[in-house]
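Colleague: I am new to this one. Could you walk me through it?

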Amino acid sequence: RRRASARADGANARARDDEDGGAARGASVGGGTTTTTAYDLRDEILREQFTRNVQFFGERGQTRVRDAFVVVVGLGGVGSHAAHMILRSGVGKLRVVDFDQVSLSSLNRHATATRADVGTAKATCLKKHFEKIYPEADVDARVAMYEEDAEDELLGAWGGDGRAPDFVVDCIDNIDTKVDLLAACARRGLRVVTSGGAGAKCDPTRLRFADIADCAADPLARAVRYRLNKKYKIQGGIKALISLEKQRCELVAEMELKDGETLSDYQVIPNFRVRTIPVLGCVPAIFGMALASHVLTELAEAPFEGEPVIVLQSKQYETQLDRLRERESERGREVSNMAVDLEQVMYLVRETWRALSARDDQNKRLKAYWRNTSALSLTRWNPSRAASLDNLILLTTEECDAHDAACAEEGGFEKLVAAEPEFARFVETRLARVRADFGIVDDER
């Protein structure tokens, strides 16, 4: 029945192609030269394998995907999943690049590797498995590190046809190498997307696409942005995938240093890490899938508009800190107790309250917008506790005044919680996340 359905679909596709002059066949990608590919979507088996993609993108969109040439550099947890889904979605030419080998410790996050692959190059490991998934695709596996003198080889044309990459996916976790790759793509005019740090994180809802210029929330992307500007005078124009989640763990060393030794003594490759970061394997997988979705929709000319990262000016945070100081001073010297600094105010406004009043219904959705904070102020949630990181709520200034006045009455806070239990639960949930993010032990509860 499936084969019969595939044949019927193929016949319908050929009829549509005839009607529109065969526009779907041999379509050019990204304005490049029209090319032929290793397969035809009218092939019965391939038609069925990619039928859901055709239904999603349409004939022409999937043809653009099929005819694309994509390069993925860095094939660890993020890169292997990105390459895997790009291949599964029908890209016809895929170059995968990594100098490293599969290790036992990488099996918790690698897309295809098994124990039998331990000790083999990540690039050849992927190619071996990809041949079983989609044998018609052309996969160019490069066991190599990206370096400036390898630019032409790794970012150059496919074979002898002069075809430049339609997209480059940067999944390198070394800052210097990452910066050189991104600068090379910018210089060559290649579309590129880069991955921020996926280690020590667990919340899949905090991923955002943003320009590298707006990625201060991600430590890796922030460092890349700084060095891109310092070394190449590139300040933006590169799409990045980042997580707004604060890292839960620190880097760990895998050896004990003896007297007189430094970590650099154990570097196999200069400037590459000798410490590792704990990784929950599902997060790099989600990063890789998100990168693949971005690339595929761009290739199919059906891009999505991602949720923007909340970007506020430094003056807005300083204003919030000043307003909190004024509100605390009005409580009197005996009561005033302010225990936050500017960096913590930035975290509260942007990440905890998303630059919205806690009473704004939008704050209860997983949304992020560019926002005006001129009408907002921070105040204590529970007036009997200090103005600390886990006891501050963002409201409009009028709401703050009403909240403080109501809570100033005897038993006022308890009455508010009893009168608005749903709102109180929402606030407590947000503040509990603050305590979890910063390891705050709530001794007063």
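**Helix α8 and a histidine**

Modeller: Start with helix α8, residues 219-232, in this predicted model. With 14 residues at 1.5 Å each, the helix should span 20 Å. Its end C-alpha atoms lie 19 Å apart, so the value agrees.

Colleague: Which residues of α8 are buried?

Modeller: Leu220, Ala221, Val224 and Leu228. Buried means under 20% relative accessible area.

Colleague: How do you know that the buried residues of α8 line one face?

Modeller: Look down the helix axis. The buried residues of α8 fall within an arc of 90°, so they line one face.

Colleague: What covers the buried residues of α8?

Modeller: The cover includes α7 (175-188), β5 (192-195) and β7 (239-243).

Colleague: Which exposed residues sit on the face of α8 turned away from the buried side?

Modeller: Tyr226 and Lys230.

Colleague: What makes Asp218 a cap for the N-terminal end of α8?

Modeller: A side-chain oxygen of Asp218 lies 3.0 Å from the backbone nitrogen of Leu220. A polar contact needs N or O atoms within 3.5 Å.

Colleague: Which residue follows α8?

Modeller: Lys233, with a positive phi near 60°.

Colleague: Now the histidine. Where is His84 found?

Modeller: In helix α4, residues 77-88.

Colleague: Why is His84 called buried?

Modeller: Its relative accessibility is 11%. The cut-off is under 20%, so His84 counts as buried.

Colleague: What does His84 touch, leaving out residues up to four places away in sequence?

Modeller: Ala111, Thr112, Phe130 and Ile133.

Note on methods
Residues are numbered from 1 along each chain as its sequence is written. This is a predicted model: local features need pLDDT of at least 70, side-chain atom pairs count only at pLDDT 80 or more; totals for chains, interfaces and linings use all residues. Side-chain values use heavy atoms; hydrogens and water are left out. Helices (H or I, at least four residues) and strands (E, at least two) are DSSP runs, numbered from the N terminus. The expected span of a helix is 1.5 Å times one less than its number of residues. Buried means under 20% relative accessible area, exposed over 50%, partly exposed in between (1.4 Å probe, protein chains only). The arc is that of the directions from the helix axis to the C-beta atoms. Contact means heavy atoms within 4.5 Å. A polar contact is a pair of N or O atoms within 3.5 Å; within protein, one must be able to donate a hydrogen and the other to accept it, and residues adjacent in sequence count only if both atoms are side-chain atoms.
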